[in-house]
Amino acid sequence: MNWYNKWFGTHYYDLLYNQRDEQEAKSFLDQLIKYLKPSSSNCFLDLACGKGRHSVYLNSCGYDVTGIDLSPQNIEHCKQFENPHLHFYVHDMRRILSANSFNYILNLFTSFGYFERSHHNQLAISAAAAALKSQGILVIDFFNAVKVMNNLVPYHKKKIQHLEFEISKKMEHNYIIKTIKVTDDNAEKFFYEKVQALTLNDFERFLTQANLSVVDLFGDYQLNNFDAQNSDRLIIIAQKK
């Protein structure tokens, strides 16, 4: 089983990343909507939608939204929010969902770079490009790998509710590997994250191969300019040619 099948959708994952809440999602999406200026008839695809916080908010703003995720647990949770203009499906981003169907595709909160085989990154970007309408926009929100690698914290502890999280990080073969040990009522559980340290150059290569071109870059959720050394995020706006 891949690490993300075991880790995503768990109660522990939600607790560890509880700072990534609905308010943060709303603030970021408000900035994106202001920048993108979508029309009310535009369709969005939320690629690797998780528990659906971005999809639900986009839909509440009046847009037709489809969310996909590899985790059946996540999609089961999301199904409670469905309506005629909001749908969720279990789907692998490496496969095309529906060709030439979406004006905007969003891949947010570092929901990329998980694959063991590097060429699967290209499969995912190419599948997204195929799902976009002509002149459609792909938004990728990834961590800034340069800053993360330069400031890697090898070990730290975090107490959340009655749980203790011990988090270790290391670089190995261009992957950032995070080991998460959770102590829950004296029982120890282990989870892993393994994310490829993809840089802007990597993404530009994938996008070019998929007939997409970078039209803008941002370095945080307030859409400030991207700085390769100092920005927390790498937010790419790419358009289908």
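Which residues line the second largest cavity? The lining is made up of Leu 29, Leu 32, Ile 33, Leu 36, Pro 38, Phe 44, Leu 58 and Leu 106. The model is a predicted one, in which local features need pLDDT of at least 70 and side-chain atom pairs count only at pLDDT 80 or more, while totals for chains, interfaces and linings use all residues. Residues are numbered from 1 along each chain as its sequence is written, and side-chain values use heavy atoms, with hydrogens and water left out.

A quick word on the cavities themselves. Rolling a probe the size of a water molecule over the atoms shows where empty space is left. Here a cavity is a set of points, on a 1 Å grid over the protein atoms alone, where a 1.4 Å probe fits but cannot get out, and lining residues have an atom within 4 Å of a point. Grid points are joined across faces, edges and corners, and a volume is the space filled by probe spheres set on the points. Searching the whole structure this way turns up two cavities of 30 Å³ or more.

Helix H3 (residues 22-36) gives the largest share of its lining, four residues; helices (H or I, at least four residues) and strands (E, at least two) are DSSP runs, numbered from the N terminus. The lining of this cavity splits into eight nonpolar, no polar and no charged residues, with Ala, Val, Leu, Ile, Met, Phe, Trp, Tyr, Cys and Pro counted as nonpolar, Asp, Glu, Lys and Arg as charged, and the others, Gly among them, as polar.

The largest cavity comes to about 50 Å³. Around it sit Leu 45, Leu 47, Ile 68, Met 93, Arg 95, Ile 96, Leu 97, Ala 127, Ala 128 and Ala 131. That makes nine nonpolar residues, no polar ones and one charged. Strand E1 (43-47) and helix H6 (119-131) each put in at least two residues, and H6 has the largest share, with three.

Strand E4 (residues 102-107) and strand E5 (residues 132-143) pair in the parallel sense over five bridges, and Ile 105 stands opposite Leu 138 in E5.

Key. 1 Å grid on protein atoms, 1.4 Å probe; cavity = no way out; pocket = protein on both sides within 12 Å on 5 of 7 lines; lining within 4 Å. Pairing = 2+ DSSP bridges.
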